[in-house]
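Please view the sequence and the structure together before reading the points below.

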Amino acid sequence: PGEYVVDVVPPLDPVTPLRLTRRSATLAPGAPPVLVEPLPRSQVSGTIVDPASAPLAGASVTAVLLEARYGDPRLIRPGEVPPARVVTGVTNPAGRFDLALDPGRHRLLVQPPPDRGLPPFAIEVAFSGESGRPADVGEVTTPPGAAITVSLVTEEGQPLAGAAVEAWRRDETPLRLSNGVTDAQGRVVLAVPASSGAAAPDAGL
């Protein structure tokens with residue numbers, strides 16, 4: 001007997017597109033079973049365009065849950081880490097993506113097709129899911145690309161070939177932007193954003 005909080009973490013698969021659910025329950029001798037009915041995850045969509053505002057088809061869009069939201073905000077524990085929830089989709093020829101996400105704050109990692117020469121980037125979106133309507137983050141512009149040329153040498157000054165090199169965004173949400181391997185001359189060129197101009201508003205739903 002007592003007061004409890006019940007957490008439900010449905011699997012991430014198309015067969016059961018249900019959201020994270022949390023509810024309080026009071027248990028007492030002879031009380032009926034606790035009934036928890038998770039709602040469907042929310043459909044979140046948007047359009048990815050290139051720096052010239054043309055649709056970016058074939059881009060990978062991965063949503064990582066940073067902070068979960070529940071119907072009763074009193075049930076949210078300050079500073080808690082949400083369950084690992086990662087959902088991935090690909091933009092269609094119109095640059096559109098559609099993902100079924102849990103309500104909350106997500107980081108969207110966008111990886112343009114390799115043949116476009118554009119850098120990966122990340123934005124954050126947030127929505128409550130209370131309205132039950134799909135959420136649209138609008139149009140998101142891919143930042144223009146820049147290049148970092150790295151040359152590695154040994155202590156003797158000889159080129160260091162075959163070394164793995166990574167470029168990371170350095171802020172409160174680190175993100176690997178590019179990686180490569182040095183050539184016979186010890187050089188590698190890494191594609192990175194020329195600016196951090198990509199942004200999307202709070203979906204507000």
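In this predicted model, Arg74 and Asp72 form a salt bridge, and their closest N and O atoms lie 2.9 Å apart. Arg74 is exposed, because its relative accessibility is 72% and a residue counts as exposed over 50%. Asp72, at 23% relative accessibility, counts as partly exposed.

**Salt bridges**

- The structure contains 10 salt bridges, one of which is the pair Arg74 and Asp72.
- Another salt bridge joins Asp7 to Arg22, with 2.6 Å between the closest N and O atoms. This pair connects distant parts of the chain, since Asp7 belongs to strand 1 (residues 2–8) and Arg22 to strand 2 (residues 21–27), 15 residues apart.
- Arg22 is buried, because its relative accessible area is 7% and the limit for buried residues is under 20%.
- Arg77 is partly exposed at 40% relative accessibility, and Glu80 is partly exposed at 28%.
- Asp7, Arg22, Arg77 and Glu80 are linked in a network of salt bridges.

**Strands and sheet**

- The protein has 13 strands and zero helices.
- Four of the strands form an open sheet with antiparallel pairing, in the order 5-4-7-8. The edge strands of this sheet are strand 5 (86–90) and strand 8 (121–127), each of which pairs on one side only.
- On average, neighbouring strands of this sheet are turned by 25° against each other, direction ignored.
- Strand 4 (residues 60–68) runs antiparallel to strand 5, and five bridges join the two. Ser60 stands opposite Val90 in strand 5.

**Overall form and surface**

- The protein has a radius of gyration of 22 Å, whereas a compact globule of 205 residues would have one near 17 Å.
- Along the principal axes, the C-alpha atoms fill a box of roughly 80 × 40 × 30 Å.
- Buried residues account for 38% of the 205 residues.
- The accessible surface is about 11400 Å², and 56% of this surface belongs to carbon and sulfur atoms.
- Of the contacts between residues at least 6 apart in sequence, 63% join residues at least 24 apart.

Terms used: Residues are numbered from 1 along each chain as its sequence is written. This is a predicted model: local features need pLDDT of at least 70, side-chain atom pairs count only at pLDDT 80 or more; totals for chains, interfaces and linings use all residues. Side-chain values use heavy atoms; hydrogens and water are left out. Two strands pair if DSSP finds at least two bridges between them. Axes are lines fitted to C-alpha atoms, for helices over the stretch in contact, and angles run from 0 to 180 degrees between N-to-C directions. The radius of gyration is taken over C-alpha atoms; the globule rule is 2.2 Å times the number of residues to the power 0.38. Buried means under 20% relative accessible area, exposed over 50%, partly exposed in between (1.4 Å probe, protein chains only). Contact means heavy atoms within 4.5 Å. Accessible areas come from the Shrake-Rupley method with a 1.4 Å probe; for residues, only the protein chains shown count as cover. A salt bridge is a side-chain nitrogen of Lys or Arg within 4 Å of a carboxyl oxygen of Asp or Glu.
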